[in-house]
Amino acid sequence: FITSGGYGYIFDLTANTLTQITDADFPYPVSMGVWADGYFVALKSNSAVFQISDLLDGTAWDALDFAAKSQTSDNIISMIYQFKELWLFGSQTTEVWYNSGDPDFPFSPIPNVLIEHGIGAQYSVAKLADSLFWLGADQHGGRIVWRTVGGGYQPVRVSNHAVETALRKLGDVSTAIGWGYQHDGHSFYVLTFPDQGQTWV
C-alpha cells in the first residue's frame, strides 16, 4: 500500500504491478497509509480521521468505514502499526487503538490510554528494538525525542538538553525523517533533517 500526492496505490508483489486505487470511497486526499491486522488504513490529510479498506482488499473501500481520534481534538499527523496496535500521533497527543472485533468497525481506542505527547515531524516515527521512537511535540512545545519501552504507553525521553537546544536552533523540523538500524549488537535511531542538511543519530 503506497500513498503519494494524496492518492493511494496497491503494488501487487506477484504480478509486479502498481495500480492506483480508483474506488470513489477512497478518502482522497490521504497523507499516509499502513497495513493493520488485514486492513489497509489510510490517514485523511489535515484531519483527525482515518479510514479502512475491506478486509484483505486494498482496492475496495466503504465511505462508512472510518473513525476519528476521539479523546482529544488535535489532528492525526502520523500513524504506525506496532504490537498489533494502531498508534495515532497527533500534534499534541497520541492515541493507541486495537482490533476489538466489532463487526461495524473493528478498531477501537484502548481504554484509559492517552499519551500526552504528539509528534513534531510526520515521518520521524520509527520501529527499533521493540520500541517506537519519534520527534515529539505537545501543548508546551517540542523537539524532544521519545521512545516507548516494552510495549508500554508511558514514553521515555531519549534526547538530552544539549540535543534539544541544538534541535531548536534548526528552525522548521516538520520534514524530519526517522529510521533505525542495528550495528554490532547496538540499536541506533536516526533523524535526518533534509531542509537543514543534518543528520543526528
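Residues are numbered from 1 along each chain as its sequence is written. In this predicted model, local features need pLDDT of at least 70, side-chain atom pairs count only at pLDDT 80 or more, and totals for chains, interfaces and linings use all residues, while side-chain values use heavy atoms, with hydrogens and water left out.

**Stop 1**

Select Val145, Val158, Ser159, Tyr189 and Val201. Of the 17 residues that line the largest pocket, these are the closest to its centre. A pocket here is an open set of points on a 1 Å grid over the protein atoms alone, where a 1.4 Å probe fits, with protein on both sides within 12 Å along at least five of seven lines; lining residues have an atom within 4 Å of a point. The volume of the largest pocket is about 280 Å³, taken as the space filled by probe spheres set on the points, which are joined across faces, edges and corners.

Next, colour β15 (141–147), α1 (161–168) and β18 (186–193), each of which supplies at least two residues of this lining. Helices (H or I, at least four residues) and strands (E, at least two) are DSSP runs, numbered from the N terminus. Which element gives the most to the lining? Strand β18 does, with five residues.

By type, the lining has 13 nonpolar residues, three polar and one charged. Nonpolar covers Ala, Val, Leu, Ile, Met, Phe, Trp, Tyr, Cys and Pro; charged covers Asp, Glu, Lys and Arg; the others, Gly among them, are polar.

**Stop 2: the sheet**

Tryptophan 179 has valine 190 in β18 as its bridge partner, and isoleucine 177 has threonine 192. Two residues lie between the strands of this hairpin, where aspartate 184 takes a positive phi near 50°.

Now show the open sheet of three strands, in the order β17-β18-β19, with antiparallel pairing. Strands β17 and β19 (198–200) stand at the edges with a single partner strand each, so one side of each has no neighbour in the sheet.

**Stop 3: valine 156**

Select valine 156, in strand β16 (residues 156–157). Is valine 156 buried, partly exposed or exposed? Valine 156 is partly exposed, at 39% relative accessible area; buried means under 20%, exposed over 50%, and partly exposed in between (1.4 Å probe, protein chains only).

Leaving aside neighbours within four places in sequence, valine 156 is in contact (heavy atoms within 4.5 Å) with Val145, Trp146, Arg147 and Val149.

Note on methods. Two strands pair if DSSP finds at least two bridges between them.
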